[in-house]
Amino acid sequence: MIKGNSSDEEDYMSDALLAKCDDQRPGLVPERIAKLYKKEVQQKALNIHYRQQNPSTKVVETEQRNLGLNNALTSANKGFRLLEKMGYKPGMAIGKAGNGKLEPVPIEIKSDRVGLGEKTERKRKESEQKAMRAAMAQKRRKHESEWRQNVRARFADRETEKDLAQSQKVCEQLDSENGVTSPVRLFFWPTLLLPEKEEDAEESEEEVCIEDQALCPSKKLELLTEYLRTTYFYCIWCGTTFEDENDLRTNCPGDTQDAH
């Protein structure tokens, strides 16, 4: 029996043996789709290479134009030779006094097919639209500001009417406790608690009533608050009757709701 050399034989579990085998692991993508994807990648690479080797006419024209504009004229140019014959030297300014242009008039390439006045007209329309949008935005902000002011004014009016109604109830209660049978002014008491009118005093009371009705709620509240503070040392926002004027002035923040 012939035995082989163990050093020449490769272990079937070694990495060297596995490296010689083809990779037969199943992929996540089907073989047909993988081939199509590989073909697309190769085609894209070929297209990029072709465009690099064969640039378009527009790209070539742009490169040649930029090359010509970036290089100064030399004696090979016929116009430059004529200037040299008339005494021109490179770097000199043109003109009789030598104070003209140092460089030729720049060239502005028009690459689109838009009319000559189209850009100016487009800018004009854009500026008009921008101004119109700005005016509309300003008008909208003005309307919003007016709306907020109206809402605040209505809220303030409701708060004033609420404080006035509360002050009228307090005034009627304090007047009744101190033996006062009729209010100093008609709006000092609630309408339902006013005493019945006498026939002789109807005319004078009607005149006073017309004057009181002409007052706005805030003015009525101001007059009624002053009456309660000076007569009874009472503050409707503190909800307290103070001992005297000094105590009212010291411990009460003020005679308005905002002060509280």
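Helix 3 makes the largest contribution to the lining of the largest pocket, giving three residues, where helices (H or I, at least four residues) are DSSP runs numbered from the N terminus. The model is predicted, so that local features need pLDDT of at least 70 and side-chain atom pairs count only at pLDDT 80 or more, while totals for chains, interfaces and linings use all residues. Residues are numbered from 1 along each chain as its sequence is written, and side-chain values use heavy atoms, with hydrogens and water left out.

A pocket is an open set of points on a 1 Å grid over the protein atoms alone, where a 1.4 Å probe fits, with protein on both sides within 12 Å along at least five of seven lines, and its lining residues have an atom within 4 Å of a point. Volume is the space filled by probe spheres set on the points, which are joined across faces, edges and corners.

| Pocket | Volume | Lining |
|---|---|---|
| Largest pocket | about 610 Å³ | 20 residues |
| Second largest pocket | about 360 Å³ | 15 residues |

In the largest pocket, Ala72, Leu73, Leu102, Glu103 and Pro104 lie nearest the centre, and the elements giving two or more lining residues are helix 3 (57–70) and helix 4 (78–85). Its lining has 14 nonpolar (Ala, Val, Leu, Ile, Met, Phe, Trp, Tyr, Cys, Pro), four polar (the others, Gly among them) and two charged (Asp, Glu, Lys, Arg) residues.

In the second largest pocket, Leu221, Trp237, Asp255, Thr256 and Gln257 are the closest to the centre. Helix 5 (118–177) and helix 7 (217–231) each supply at least two lining residues, and helix 7 has the largest share, with six. The lining of this second largest pocket has three nonpolar, five polar and seven charged residues.
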